[in-house]
Amino acid sequence: MADAAAARSALDPSAASEKTLKIENTEKRDTLVESEKKYQKAWADDHVFESNAPTTSEIPFGSESSTTLHEKSPKFMGTIAYPYMNGVLHAGHAFTISKVEFATGYARMQGKRALFPQGFHCTGMAISACADKLKREIELFGKAFERHTDDDDAPSLPAPTLADAKTDLTKFTSKKSKAAAKSGKAKYQFQIMLSLGIPRDQIHPFADARHWIDVFPALGRQHMTEFGLRIDWRRTFVTTDANPYYDSFVRWQMNKLKELGKIKFGKRYTVYSPKDGQPCLDHDRSQGEGVNPQEYTGIKLRVLEWSDAAKTPVEKVPDNSNVYFVAATLRPETMYGQTCCFVGKDITYGVFKVSDKDYFVVSDRAARNMAFQDIFASWGDLEKITEVRGADLIGTTVKAPLSIHESIRILPMETVKSTKGTGVVSCVPSDSPDDYATVTELARKADYYGIKKEWAELEILPIIESPKYGNLIAKALVEQMKINSSKDAKLVEAKEEAYKEGFYHGKMLYGEFKGQPVSEAKELVKEKLIKSGDAFNYAEPDGLVISRSGDECVAAFLDQWYLNYGPSAKGGDGDWCDTVLKHVQEDGVNTFSQEAKNQFEKTLGWLSQWACARSYGLGSKLPWDQKFLVESLSDSTIYPAYYTVAHYLHKDLFGTEPGLGGITPDQMTDEVWDYVFARSDSAETPIAKDTLQSMRREFEYWYPLDLRVSGKDLIQNHLTFFLYIHIALFPKEFWPKGIRPNGHLMLNGEKMSKSTGNFLTLSEAVKKFGADATRIALADAGDSNEDANFEETVANSVVLKLYELRKWCEESITDAHLVDSEDQYRKVRDEKQVRNLDAVHRNGEIGFWDRLFANEMATLVRETREHYDGMLFKNAIKTGFYDFTSARDSYREVTKAAGVGMHHDLVRQYVELQALLLTPIAPHWSEYIWLEILKKPSSIQNALYPEAAPVDTTLTATLQYIRATTSNITSAEGAQQRRMAKGKATKYDPNAAKKVTITYATSFPAWQDNYLELVRKSFEELGVVDTKAITPKIEKKDLKKAMPFIQGLKKRLDSGESKSGVFERKLPFDEREVLGEMVPLVRQVVKRCEGVEIVAQEEGGDGGGAVPGVPVSSFVNV
């Protein structure tokens, strides 16, 4: 443990952040951070974030349903997908965490009991693989890696190719795995450890996998605490059997799933690492997350006669042997129409021994996959007899099963890849646009390709009838889309359309299944081919998968334990899948966006059985087969339920000290877990009855989970598994209520990457900007499913803003100089009795500007509440911080200009409201304002969201008028200044002393009244404004001004504005009176303003186009 403590204290990840913002002057930040640390300690000492369900003494056990319990005592529980502990938390983690954190803070302000628990994930092979790499590197380079030089080079991972594009376009995967993103360009594990900031002499203990668990979860907790999170740390834990309580929970979960028939055993295809000797699932991969096995039908095309060029290389094949080209196809129903078989001229093919008599011609990659699918004689072994270049195979004749042609030729195809399928492609030009385009081109350029023209001109047999494209789908699509080359990019779209049209709408025209829908015939033809020995099942990973040990994975067909996810069509538990889909589709779970909902629906359509056991790594043993460990995405599905009772079980991460219940790990039997999680009503156990009831109360109170937040890339596995297992194990009332997927986080507008130096850990961010500024910048980063952006310049500017605002609040409240009237304010100002005029406040009567400010604060309080309700934190920061401080600034400046000063009650109200509005996002800053400045008796963490005063729409309209009018005046002056700067003539000298005349209208122009009435009649008769019917009624002389006016009215009505608001054209305020109040403001904003005159424009008068609510201004030098 001493090594672990040393590693934690010495860790410095700044080497990966060399391109991020450098902070020089830190005095203001340090002042804020000092308070943050103070309050973090106070919150921990006072157990502020330790939330409990109502006790059984408060509400007797069994006396209320969970629904009634929630009505009497509202609650909120939110979690993130616990982070994997093979490193420190970075800004991307912080972004996800912030969503639950802000929601938790707001839930507390709603008067709810709010719970944010946090554990740490250590299950899987990633940590073990990294530890094993370090062992090998220590042997190679020494304990401190002193023998390593820059010339040393580790094997690099194979680069992906175009052929690695996924076959099923309905699936979505991330472009770069998390492991790859974390490691950057480091070639050795010790270099990755250095990039994490671990000193070279402290890396060697990490060769023990347990050391990772000792170091990183504790660091994670430390960094989260420094971030100021509202986490109930009593409920924390690590996964794996390092915590025996969590271990028993996982074993219970697996036992129950097996009892329910959700876990099966049998042969199935899975992505497999030959090097590791076990399935390689998503968390075990350094590349290829989300890639699954793609199943094909392997078609055996028997060689009849070799081409001349191939005869020498194949001499090693015994005489009288059967040699087959094996084509991998997804469309066995089309094999009747084979006219040739394609190979890649530049690919080197192997001839592999299958049995004493049979040999296959395929790519090396395909043969490696077949070796683990019971296709060759011995599992994992493949015997290559010889190799042949694809170019030398051209012209070979083969017998294609089902084809109407006695023999077909091997021909070249330039787009064949050795990394997709077997490298051998069966050609069916009737239904494959690729094939049709290629044979057409081969026939047209036979000499160029070195073939005989007739080889590419065999009869094309109509196989499938489509109502949309007829009986030659490929030909129709190629001609319709004007595809002229076998390399045309449009072939991708054409291929997809041909497949969908044929499968969903096609009928068979040929063969024994003639007349049947293609969707039914497909499997029947496949069975026929396999039964006759002309085909077999074949699978491969649908893309490149590299294990964390650096092995390129295969698809293996092996016995294994698997969770029977997926629809019936894919062999899964259809009823289970349908129940999950219904929960998603019928809004049983809030996904917060239609995009996320669509992604869940798509995933449930393609996701199928999932291997839930492995033999290598860290984790809990499979209860009934202990040579296996529970896979990392299968022990991390329902652990939010574990949080509800964790504090009753243990007091520390590892469960070394019993918790509130005084329970030992062996007492947590399956029977006890069933009782605690409301699956049974009794349990035989030595655990005290009141303890059991208290634990069950915790579960029944905190569940269902209100909010789950995670990266959107986890919809394709973890988040969908999360739904599946909850629905399998818990009563419906406890199924999840909310899942909010979020986008990835960019840093300064670019992808976070250690290799480029554009990387930021959570700890670095907090050290650089402090907790609150980091949190505000994360809120400002965005709330949608799209990738968000953390701007360091924003965080840095927030430091200054928070510091200056805190200073202003302190001076305004602590150093307030109170006066009883406007006259006294002006006297103090004029006599310069105080240094800081902002601290001079009025008491007494509320004036014009006071009412406007109070009303704007009420409006912003309401708007911010709406944003918090919708979890729109970027908007909440805008209205509750940026707009709120802008409102104060406007109030401060206008009251100073008017010579009346700010009202003390409103200043104090502003300070209090600002603290409250920022509490969910910037709690440390708010706590300082609350306790140190406002002198409140207890923490702001226990305060409720403020109840806003009713919004006065008249005051709102008045303020909008003031701001619009002020903007128009300053814009008019600015236009003249720009003209002068360009040397153009101006109406007056904008830099000289001037007088401003503001002309307002007392009534609307008569012509507007006429057309207003036309619009009113149209709207009342039709319910809409029919501009076509109105236009002929407009006089020619009014056309230019009337049409924009009518369109404006129509737009207001179409937007939903009330009929009375549009047609009853009466300002809700006295325009003359408001302009009078504005005079000091105008004098302030206009340069060298010597006077302001307000003039009324009577009906028919010349006021330069003023209308009620839109005055005009003119300037004259004096």
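**Notebook: salt bridges**

I started with Asp674, which forms a salt bridge with Lys256, and the closest N and O atoms are 3.0 Å apart. Asp674 sits in helix α22 (residues 670-676) and Lys256 in helix α9 (residues 244-259), so this pair ties together parts that are 418 residues apart in sequence. A reminder to myself: this is a predicted model.

Next I asked myself: is Asp674 buried or exposed? Asp674 counts as buried, at 11% relative accessibility.

Then I looked up Arg696, which forms a salt bridge with Asp681, with 3.4 Å between the closest N and O atoms. Arg696 belongs to helix α23 (residues 689-702) and Asp681 to the loop between α22 and α23, so the pair ties together parts that are 15 residues apart in sequence. I noted Arg696 as buried, its relative accessible area being 9%, whereas Asp681 is exposed at 68%.

I also came across a network: Asp838, Arg888, Asp889, Arg892, Glu893 and Lys896 are joined into one by salt bridges that share partners.

My next stop was helix α5 (residues 126-141), where Asp132 and Lys135 are 3 residues apart and so separated by about one helical turn. Asp132 forms a salt bridge with Lys135, and their closest N and O atoms are 3.7 Å apart. I have Asp132 down as partly exposed, at 23% relative accessibility. Lys135 is also partly exposed, with a relative accessible area of 43%.

How many salt bridges does a search of the whole structure find? I wrote down 65.

Technical notes. Residues are numbered from 1 along each chain as its sequence is written. This is a predicted model: local features need pLDDT of at least 70, side-chain atom pairs count only at pLDDT 80 or more; totals for chains, interfaces and linings use all residues. Side-chain values use heavy atoms; hydrogens and water are left out. A salt bridge is a side-chain nitrogen of Lys or Arg within 4 Å of a carboxyl oxygen of Asp or Glu. Helices (H or I, at least four residues) and strands (E, at least two) are DSSP runs, numbered from the N terminus. Buried means under 20% relative accessible area, exposed over 50%, partly exposed in between (1.4 Å probe, protein chains only).
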